[in-house]
Amino acid sequence: MINLIRGEFYKLRKSKCVYVCTILALAFVLFFYGLYELSDHIALAEASEQNSTVSVSAEVENENVESVWDSMTVIDIAQVAFNTYCCLIIVVFIALFVYLEYANGGIKNIVGKGYQRWKIFLTKYLVVQITVIMLALIMSLFILVLGVSFMGQERLTQDILENFFRYVGMEIVLICSLTSIIVAINQFCRNLGTGIMLSMGMILFSSVLSTGIDLVLKYFKFDVRFSDYWIPELISNCPIVDIERNFVLRASISAVVWMVLAISTALTHFKKADIK
């Protein structure tokens, strides 16, 4: 199995998709910071222009004009990152990485060498999870670095940093579970377009899906909410500060359950499906 892991990491290094996805993730973070910096300059310029036409006392008012960054922290940037483009970039990466193995005959060649299918599947799954975690960590580090540049180092207080690392840690746990679901979807589809469409649809229409299931459960008198345990909803609703122990426990258990269900289902399908 060690040889399989080495082989997967070798293919990952040779693959352009991981580099492209990393660059896209960092570019989106930079773009988001740039938008807020631009809106901050526009707001301050407009306030300065208005105050200069009123009176001399407006100079005092101008000094009191709040910057956009005064009401934001790096945790707010991280929330947008993990709730939107991080998930979408992961979808694209997994779809490409899984599909290309079938398209170029890589899976067929490995199976033909006599390796057990469960080892092949778990090896690829492990490499995907490690890559996704590294991608999330690189993006989080980039958010901190740009936070110092745009907001100032004095804004990164100990309290903010502690909440930031708690939030990122919780989101990475949930994203690992989401990765398992996306891997399962692509394993069943084995088609690039279908895999991306279904995975993105699951994320983009998560609220509609979970709300519909909640209504059905409520109609049949079940005292449980599907949305409280659905991974995309947990990612979106994860508190950015003061994460309660109940949420951590519920989210962690949900992440493990969905991970086991997704991978066991995908593994069963991979062991029985024809490799073409």
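This note covers the nonpolar core and the aromatic contacts of a predicted model.

1. The largest nonpolar core comprises 78 residues. Tyr33, Val74, Phe82, Phe93, Met139 and Ile143 have the most contacts inside this core. Helix H8, spanning residues 158-189, gives the most to the core, with 15 residues.

2. Leaving aside residues up to four places away in sequence, Tyr33 touches Trp69, Val74, Ile77, Ile143, Leu146, Gly147, Phe150 and Met151. Ring pairs also join Tyr33 with Phe32, Tyr36, Trp69 and Phe150 in a cluster.

3. The model contains 12 aromatic pairs. In one of them, Trp69 and Phe150, the ring centres are 5.8 Å apart and the planes meet at 45 degrees, so the pair is classed as tilted. The pair links distant parts of the chain, 81 residues apart: Trp69 is in the loop between helix H3 (58-63) and helix H4 (74-83), and Phe150 is in helix H7 (residues 117-151). Trp69 is buried, at 5% relative accessible area, whereas Phe150 is partly exposed, at 24%.

4. For Trp230 and Trp258, the ring centres lie 5.0 Å apart with planes at 70 degrees; the pair is therefore edge-to-face. Trp230 belongs to the loop between helix H10 (206-219) and helix H11 (231-237), and Trp258 to helix H12 (residues 245-272), 28 residues apart. Trp230 is buried, with a relative accessible area of 5%, while Trp258 counts as partly exposed at 23%.

5. A charged side chain also meets an aromatic ring: Arg117 lies over the face of Phe270, at 5.9 Å from the ring centre.

Definitions and conventions. Residues are numbered from 1 along each chain as its sequence is written. This is a predicted model: local features need pLDDT of at least 70, side-chain atom pairs count only at pLDDT 80 or more; totals for chains, interfaces and linings use all residues. Side-chain values use heavy atoms; hydrogens and water are left out. A nonpolar core is a set of buried Ala, Val, Leu, Ile, Met, Phe, Trp, Tyr and Cys residues joined through side-chain atoms within 4.5 Å. Buried means under 20% relative accessible area, exposed over 50%, partly exposed in between (1.4 Å probe, protein chains only). Helices (H or I, at least four residues) and strands (E, at least two) are DSSP runs, numbered from the N terminus. Contact means heavy atoms within 4.5 Å. Rings of Phe, Tyr and Trp (its six-membered ring) pair if their centres lie within 6.5 Å; planes under 30 degrees apart count as stacked, over 60 as edge-to-face and the rest as tilted. A charge sits over a ring if NZ of Lys or CZ of Arg is within 6 Å of the ring centre and within 35 degrees of the ring normal.
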